[in-house]
Amino acid sequence: VKPATTLLFGVVFGFVLSRVGATDYDAIAKMFLLEDFHLAGVMAVAVVVAAIGLGIIRRARGGTLARWAIVVQEKPMKPGLVLGAALFGAGWAITGTCPGTGLAQIGEGKVIALFTVCGMLLGTAAYLRWGPRVERALGRISR
Amino acid sequence: MWTAVFVERWPFWAGGIAIGVFVLAFLIGTRNLLGVSTGFADACAAPFEPKMRRSWRLPFLIGIIAGGFVASLLAGGSAPTTRMGLFDARVTGDFALKALAFTTGGVLLGFGSRLANGCTSGHGIVGTALFAKSSWIAMSVFFATGIVVTHLLLRGSP
């Protein structure tokens with residue numbers, strides 16, 4: 001896949017995240033405060049639409065659809081799943097941001113998002129350095 | 001029409017359809033499942049692994065920044081701001097403290113998403129749409145901790 005193609009997909013994704021209000025700190029905060037379910041609704045509808053499309057593609061036998069189906073893989077269960085998800089949820093709550101929306105916020109001119117994204121890069125680098133060790137330790141505990 | 005598309009926030013159903021269709025278009029156009037946090041791993045590895053510098057995920061991440069800029073521009077443009085809504089109102093408006101809090105939150109997002117093997121896009125939208133057990137667990141835990149931590153932070157009680 002050409003870099004220009006994925007760049008364009010990125011532009012569209014960033015635009016959509018911004019237009020649906022996913023880059024709005026208060027929209028995320030109010031969802032977690034159980035006061036406004038706009039973004040939960042966005043995600044729910046997105047999951048339903050994607051599930052229908054991916055379901056059709058995944059069940060294809062032969063033809064163009066089957067060529068796309070090859071990459072449609074579920075993520076495996078990993079020892080760090082629950083701990084990682086809990087850390088992520090805490091980060092999501094503090095910043096009102098997830099990895100995609102943090103980038104879009106920078107484009108929107110939200111200066112604080114620069115810190116969020118720098119933090120994400122630091123956290124990712126920390127995982128590359130120490131993640132496997134954490135996963136081995138968690139694997140031992142769960143056995 | 002212009003206002004509805006470019007200025008006002010999209011209704012939840014329109015936004016949901018747009019993201020759902022985007023997941024499918026992304027698969028067809030790039031032969032990959034949508035995911036953002038893996039791109040951060042490629043970005044972190046790029047200085048050390050020349051192969052990663054050609055990762056298709058890097059221009060995708062840059063594009064997301066550009067997309068936010070385009071959205072803001074078409075909505076009428078807005079000056080850069082250091083404000084973050086309710087966080088300023090209920091936690092602190094102090095720039096240095098906010099920088100510290102959001103960097104810390106970012107570290108949790110970065111480390112957590114790699115440990116969990118996905119974020120809101122890969123697990124939350126795509127994985128749940130595939131009915132993957134790992135993704136439903138991840139998304140449930142994302143929301144459970146998100147709710148508790150937000151209540152502690154903005155309300156002072158869970």
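Helices, in the pattern used below, are DSSP runs of H or I with at least four residues. The model treated here is predicted.

**Exercise 1.** Determine which pattern chain B follows along its sequence.

*Solution.* Begin with the inventory: chain B holds eight helices and zero strands. Read along the sequence, the pattern is then α-α-α-α-α-α-α-α. The C-alpha trace of chain B spans about 45 × 40 × 35 Å along its principal axes, and buried residues account for 53% of its 158 residues.

**Exercise 2.** Classify the packing of H3(A) with H7(B).

*Solution.* Step two is the handedness, and the crossing is right-handed. Step three is the composition: H3(A) contributes residues including A:Met43, A:Val47 and A:Leu54, while those from H7(B) include B:Thr120, B:Ile125 and B:Val126. By class, this contact has nine nonpolar, three polar and no charged residues.

**Exercise 3.** Describe the largest nonpolar core and the surroundings of B:Phe60.

*Solution.* The largest core has 61 residues, and B:Phe60 is one of those with the most contacts inside it, as are A:Leu54 and A:Trp92. H3(A) supplies the largest share, nine residues. Next, set aside the neighbours of B:Phe60 within four places in sequence; its contacts then include A:Leu7, A:Phe9 and A:Phe13 from chain A, and B:Phe22, B:Leu34 and B:Val36 from chain B. Finally, another core of nine residues lies apart from the largest one, with A:Ala29, B:Phe87, B:Phe102 and B:Leu154 among its members.

Note on methods. Residues numbered from 1 in each chain as written. Chains lettered and ligands numbered in written order. Predicted model: local features only at pLDDT ≥ 70, side-chain atom pairs only at ≥ 80, totals over all residues. Heavy atoms only, no water. Left-handed = near helix turned anticlockwise from the far one by under 90°. Helix = DSSP H or I, 4+ residues; strand = E, 2+ residues; numbered from the N terminus. Contact = heavy atoms within 4.5 Å. Nonpolar A, V, L, I, M, F, W, Y, C, P; charged D, E, K, R; others polar. Core = buried A, V, L, I, M, F, W, Y, C linked by side-chain atoms within 4.5 Å. Buried < 20%, exposed > 50% of the residue type's maximum accessible area, 1.4 Å probe, protein only.
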